[in-house]
Amino acid sequence: MRKLITPSQKNEKDSPIGKSRPHESAARQVAGQARYVDDIPEPPNTHYAAIGISQSANGAIKHLDLTDVFASDGVIDVITVKDVPGHTDIAPVFDGDPILADNEIKFYGQALFAVLATSDRLARQAATKAKVEITEHDPVLHPTESHQKQMFVRPAHHMKHGDAVSAINNAEHKLEGHIEIGGQEHLYLEGQVSLAVPEEEDRMMIFTSSQHPSEVQKLVAEVLDIKLHRVVVDMRRMGGGFGGKETQAAQWACLAAIFASRNDCPVKLRLARSIDMQVTGKRHPFSNSYTLGIDGTGLIQGCIINIDGDCGHSADLSDAIVDRAMFHADNGYYLADCDIVGHRCQTNKVSHTAFRGFGGPQGMMIAEAMIEKIARKVGEDPLTIRKRNLYREHERNQTQYGMLVENNLLPDLINKLEETSSYWQRRKEINTFNTENSIIKKGLALTPVKFGISFTAKFLNQAGALLHVYTDGSMQINHGGTEMGQGLHTKIAQIVANEFGIPIDDVEVTSTRTDKVPNTSPTAASSGTDINGKAAQNACIAIKERLANHFSQMVDGDPNLVVFKNKHVVLGEHQISFVELVQQAYLSRVSLSSTGFYKTPKIHYNRETGKGRPFFYFAYGASVSEVTIDTLTGEYKVDRVDILHDVGKSLNPAIDIGQIEGGFIQGMGWLTTEDLLWDSKGMLISNNPATYKIPAIGDTPRIFNVDLYPRANDEDSIYHSKAVGEPPLMLAMSVWCAIKDAISSLSGYQVDPDLAAPATPENVLNAIEGVISDGRIHES
Amino acid sequence: MIRFLLNEQIISVEEHKPDTTLLEYIRQSKSLCGTKEGCASGDCGACTVVLADINDNANGLTYKTINSCITYLSSIHGKQLITVEHLPSETELHPVQQAMVDCHGSQCGFCTPGFIMSMFSLYHQNAEVSHQNIEIALSGNLCRCTGYRPIIEAASLSCTSPTPDKFDKNSEQTISKLNLLKEEKGESNGYLQPTSRDELRLAISSNPLARLVCGSTDLALETTQLLNDLACLINLKNVTELNHIEEAENELRIGSALSFAEIESKLLKHFPDLKELLWRFASAPIRNQASLGGNIANASPIGDMPPVLLALNANILLDNGKARRVIPAKDFFIDYKTTQMQKDEWIESIHLPYLSKQSQLRAYKVSKRLEDDISAVCAVFKIELENNCVVKLSSGFGGIAATPRQADSLEQVIIGLDWTSRTTMEKGIAALSHYFSPIDDVRASAEYRHKMVINLWQRFWLETSAANPATTTRANAYA
């Protein structure tokens with residue numbers, strides 16, 4: 001069909017695009033009216049499920065006695081893996097995630113059985129009453145040990161460019177380093193929850209808090225041994241996801257569905273917080289090392305990087321996550337001749353999973369650690385070294401995976417931020433402060449971010465939408481993305497309203513449902529607006545074409561000249577209100593419903609060669625952090641943060657700034673106070689918010705300046721905006737580097753401190769002690 | 001029968017399990033699902049609601065935030081429970097709600113109702129709305145999405161010059177309704193509310209298995225985390241003898257059942273150096289509930305107030321309804337979660353001797369996060385000097401042994417020495433070096449705790465020794 005209508009590109013004065021519209025649910029959220037899964041009125045006869053978990057990390061079940069569980073108050077049903085009617089493996093990509101343990105115990109907290117009772121509390125009480133005997137083996141808990149024992153969940157992957165060994169050997173200086181990077185608990189405020197409602201015959205309706213309703217649909221069908229068309233998944237909103245509900249939500253939906261099917265009653269499964277924290281995957285801890293060759297000015301000549309990702313017991317998404325760490329080991333810097341290997345290490349921990357950044361942050365930390373090492377070696381300010389090593393325009397412009405870095409915004413973006421944050425002026429002031437203060441020291445750092453946008457699994461870069469226009473001119477848009485607070489639905493509504501020139505209140509974004517848009521990709525990889533926005537726009541274009549045709553017939557004009565704006569449709573001197581045209585079209589039997597589809601162009605990657613263009617484009621940003629540390633205790637305070645970030649042409653500045661600020665603080669938590677700890681038995685001991693500390697309100701820096709870099713995306717993304725979900729998280733590396741800077745001041749900036757992430761006060765104190773050798777006594 | 005106002009409606013609960021939490025009741029019995037469960041342990045604030053009660057002058061209402069997940073339904077008798085759904089008027093959102101919309105303070109929205117309730121309480125506090133006061137008011141609410149900046153802005157915008165809202169306009173009716181409800185005692189099966197020493201003695205003797213409860217911020221964790229059923233509770237909150245604070249001639253006498261919020265102003269009047277420790281004690285909603293008596297009676301090895309009591313040489317007044325006895329704080333803690341208290345005893349009050357003019361007090365807390373975190377190490381020092389010479393020294397440490405401890409060895413070696421001399425400080429280090437045997441746990445390693453004992457001692461010396469008056473020694477927000 002001939003393309004009649006071009007998408008609206010211009011930001012007209014009355015267009016909602018580029019405006020700071022409040023989140024579409026904001027008024028309901030503040031009034032307690034926004035409904036989450038646990039708030040949905042329960043159907044009659046709803047029962048409640050809970051899981052019983054393993055208290056060993058490695059072994060085999062010798063005996064599982066569930067007599068007392070069955071006998072516990074209120075218990076209706078108890079299931080083990082033997083009671084699963086269909087598939088028992090609910091792994092997302094590669095096998096290895098049994099829905100309930102099948103003899104083999106692979107991590108502490110693994111679900112052994114599930115129990116159904118008349119109340120949540122009774123189910124949870126019953127779940128503690130099993131008698132379990134396990135033949136135990138010593139758990140493997142660190143990726144280095146896995147690497148030594150060749151325990152991997154997937155084969156290693158390599159990326160090579162040139163001859164790294166020769167480049168390093170020929171370089172003026174050779175540097176080596178190692179960095180331990182901790183994982184991160186998602187701590188979405190709404191824990192994992194699903195409600196399964198049995199429908200006619202074997203059909204099943206699922207309400208779940210999931211970033212991936214299509215996968216939940218598939219897995220529920222598989223465990224029930226029915227076809228996908230018998231399962232509908234509905235997902236209105238999540239109380240936070242951050243990657244933690246991409247694959248990790250399915251198990252609870254599947255268990256609820258099995259109970260619902262067996263007992264023919266609605267079943268809710270909501271995990272208690274400490275159970276949630278023990279049984280769901282986290283950001284991967286990494287153990288990375290590098291060897292680096294530099295010239296006298298600190299310019300990288302070559303490097304060899306070894307990445308050991310702690311994947312936990314199974315593959316889950318770890319292949320793509322360790323890949324993404326490798327894709328981002330350069331951050332914004334040209335690595336020259338390099339050899340990068342990424343190992344997928346298997347440990348006896350919960351299977352680590354997606355978390356905002358998806359391995360990218362742990363990869364970029366290598367780059368920043370290398371830069372700091374270089375700066376102390378050559379005795380220059382780390383910012384100078386950073387700028388010197390940035391990708392350049394005509395040479396030194398190809399990544400380790402062969403992608404050209406085009407339209408690189410970092411040099412200009414950094415220059416601007418350097419100026420607006422008064423970096424060099426403050427550097428002087430900090431030097432003075434540090435000279436005058438013996439106990440308290442200040443540090444400053446500017447770090448960039450270059451983050452590749454697209455799923456690296458090419459097939460996931462597709463999206464669908466379904467648009468219905470009703471006869472009063474209002475419309476419902478449904479798309480494959482899920483709303484977890486990031487403002488996706490708000491942006492989609494803005495796009496649809498903009499396409500038709502109607503008020504945003506006339507557009508309702510409905511819950512994500514597998515019976516409206518099928519075979520969707522997870523809302524992940526920052527791609528939500530990029531792909532679903534384009535799909536929604538394509539649905540709009542289809543209906544606009546029909547309406548334009550109809551109107552042009554009514555007035556005998558050229559459909560190519562029809563314009564939709566200000567609640568009206570205009571063709572030359574003819575004008576009709578949008579509502580009236582919709583009604584005329586309806587009476588003339590014009591379809592007012594359409595799907596839309598989109599697939600991201602240009603992308604490809606060959607895993608055999610480790611070369612390609614896996615990313616449609618890069619999103620850029622940079623931040624400057626200033627910190628104060630206490631050398632007696634290792635405590636610190638982030639005093640000021642300045643951020644300049646690239647979101648292309650912003651669809652909604654308030655939402656984009658919200659993502660930047662929130663991502664930054666979440667990243668800061670990852671690198672500072674969020675300390676995942678397992679004991680020697682493999683039990684997670686930081687398993688509740690009393691022992692695992694995400695940033696609180698007082699951690700937000702008193703001075704927190706965030707600006708958007710004003711430049712449209714050079715690629716043809718939705719209205720030339722850029723993805724914003726993940727990239728800002730990595731801006732927080734400036735906090736880690738600023739703490740290191742403050743510690744390094746104790747050596748007159750001669751020593752690069754060995755600071756593990758997270759930089760807890762204890763780790764900071766250890767790094768301080770590593771830098772000063774003259775004991776703990778300070779002259780005042 | 002428990003009676004209270006649920007928003008505007010008078011509610012009478014005839015039968016309920018004494019350990020039913022307020023959150024369970026709100027969500028399950030009343031289907032008011034705006035209030036969320038985030039952790040069920042008082043650590044995230046998603047369940048925050050406001051309790052309104054008649055103020056001390058009986059002429060207005062106070063609005064206090066609490067965590068409904070660790071509050072028992074039975075404890076709200078005679079009060080007004082306000083939930084997020086009730087804030088808007090018929091036509092518009094409450095100013096704190098509108099400000100959150102306008103400032104883009106909600107993203108996923110799950111923490112939002114809790115923040116709204118904390119802001120609503122701040123709105124009614126008639127306090128100066130500084131950045132610090134906002135942080136204090138919202139310290140018990142975690143947000144994982146926004147990074148807090150827009151929330152701080154919304155609080156500042158809406159609470160700086162509050163105009164009377166519908167709660168102010170209805171306050172007279174609310175007060176008369178509450179007065180009416182308070183005429184009843186509010187007891188029910190398995191839940192006792194004694195009002196005097198004698199009643200308390202009787203309640204304990206006739207219910208030997210009952211648990212004493214005051215703020216419930218610790219006990220309720222047995223309900224929500226350990227899933228224990230508690231069949232009988234005795235609430236101490238209405239016992240007259242446990243609920244007054246007295247500025248006696250030589251000491252401050254604090255009723256054991258008073259909440260930290262209730263004792264804050266008098267405590268800080270006499271011990272201003274405790275300000276940071278008090279503000280970092282859990283979070284505002286916890287301080288609105290938790291009592292000093294509870295903090296001592298549960299004998300946690302880390303509780304932040306026991307080290308203060310040790311350093312101040314405080315006394316603890318125990319009672320069993322027949323005889324009272326005074327135990328010095330240093331003798332009170334016997335072993336992990338074990339104290340001198342007999343089975344039939346309770347704490348009536350805690351007596352803190354005032355500081356002499358020559359005394360200096362410092363309380364240090366080291367934790368991973370500044371706010372609402374349990375300390376890795378808490379160290380409190382009190383020193384009395386005469387012409388730079390140490391006359392008295394006392395200390396209290398938390399997080400370094402199975403109980404809160406004093407460092408007797410330190411006290412012995414320092415007395416009589418010149419406080420301005422570095423040698424004195426170094427002698428203290430020697431005395432402290434292997435004095436305690438802390439353990440590795442989720443908060444810190446034993447090694448780090450060892451270092452903190454020494455380094456905090458060093459910080460104390462730097463801050464109080466006349467030779468080093470101008471040294472900046474702390475990086476944190478309240479310094």
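Me: What makes chain B agree, or disagree, with a compact globule in its radius of gyration?

Reply: In this predicted model, chain B has a radius of gyration of 23 Å, and a compact globule with 479 residues would have one near 23 Å, so the two values agree. The C-alpha atoms of chain B fill a box of roughly 70 × 55 × 40 Å along the principal axes, and the chain holds 18 helices and 18 strands. Buried residues make up 56% of its 479 residues, and, among contacts with a separation of 6 or more, 68% join residues 24 or more positions apart.

Me: Which residues touch the most other members of the largest nonpolar core in chain A?

Reply: That core has 329 residues, and the ones that touch the most other members are Ala49(A), Val115(A), Val220(A), Ala256(A), Ala257(A) and Ile739(A). Helix H7 of chain A, residues 250–263, gives the most to this core, with 10 residues. Leaving aside neighbours within four places in sequence, Ala257(A) is in contact with Ala196(A), Met204(A), Ile206(A), Val220(A), Val223(A) and Leu224(A). A second, separate core of 41 residues includes Ala463(A), Leu467(A), Cys540(A) and Val569(A).

Me: Why is Asn331(A) called buried?

Reply: A residue counts as buried if 20 or more other C-beta atoms lie within 10 Å of its own; Asn331(A) has 28 other C-beta atoms within 10 Å, and therefore it is buried. Asn331(A) lies in the loop between helix H9 (318–327) and strand S15 (337–345) of chain A, and it has a positive phi of about 45° although it is not a glycine.

Me: What makes Ala525(A) count as buried?

Reply: The cut-off is again 20 or more, and Ala525(A) has 29 C-beta neighbours inside 10 Å, so it counts as buried. Ala525(A) is found in the loop between strand S20 (512–513) and helix H15 (528–555) of chain A; its phi is near 55°, a positive value in a residue other than glycine.

Me: Why is Arg546(A) called partly exposed?

Reply: Partly exposed residues fall between the exposed class, at 12 or fewer other C-beta atoms within 10 Å, and the buried class, at 20 or more; Arg546(A) has 18 such atoms, and so it is partly exposed. Arg546(A) has its place in helix H15 of chain A. Leaving aside neighbours within four places in sequence, Arg546(A) is in contact with Ala585(A), Val590(A) and Ser591(A). The C-alpha atoms of Arg546(A) and Ser591(A) are separated by 7.8 Å, although the two residues are 45 residues apart along the chain.

Me: What describes the way in which two packed helices meet?

Reply: Two packed helices are described by the angle between their axes and the distance between the axes. Helix H10 (residues 360–378) and helix H11 (residues 382–389) of chain A have axes that come within 9 Å and cross at roughly 120°, and the crossing of H10(A) and H11(A) is right-handed. From H10(A), Ile371(A), Glu372(A), Ile374(A) and Ala375(A) meet Pro382(A), Ile385(A), Arg386(A) and Asn389(A) of H11(A). By class, this contact of H10(A) with H11(A) has 5 nonpolar, 1 polar and 2 charged residues.

Me: Where is Pro758(A) found in chain A?

Reply: Pro758(A) is in the loop between helix H18 (733–744) and helix H19 (761–771) of chain A. A cis peptide bond, with omega about 5°, joins Ala757(A) and Pro758(A).

Me: How many residues does each chain give to the contact between chain A and chain B?

Reply: The contact takes 72 residues from chain A and 70 residues from chain B. Among the helices of chain B that each supply at least two residues of the side touching chain A are H2 (95–102), H3 (112–123) and H18 (446–464). H18(B) gives the largest share of that side, 8 residues. By class, the side of chain B that touches chain A has 33 nonpolar, 24 polar and 13 charged residues.

Technical notes. Residues are numbered from 1 along each chain as its sequence is written. Chains are lettered from A and ligands numbered from 1 in the order in which they are written. This is a predicted model: local features need pLDDT of at least 70, side-chain atom pairs count only at pLDDT 80 or more; totals for chains, interfaces and linings use all residues. Helices (H or I, at least four residues) and strands (E, at least two) are DSSP runs, numbered from the N terminus. Two residues are in contact if their C-beta atoms, placed from the backbone, lie within 7 Å. Ala, Val, Leu, Ile, Met, Phe, Trp, Tyr, Cys and Pro count as nonpolar, Asp, Glu, Lys and Arg as charged, and the others, Gly among them, as polar. A nonpolar core is a set of buried Ala, Val, Leu, Ile, Met, Phe, Trp, Tyr and Cys residues joined through C-beta atoms within 7 Å. Axes are lines fitted to C-alpha atoms, for helices over the stretch in contact, and angles run from 0 to 180 degrees between N-to-C directions. A crossing is left-handed if the near helix is turned anticlockwise from the far one by less than a right angle, and right-handed if clockwise. The radius of gyration is taken over C-alpha atoms; the globule rule is 2.2 Å times the number of residues to the power 0.38.
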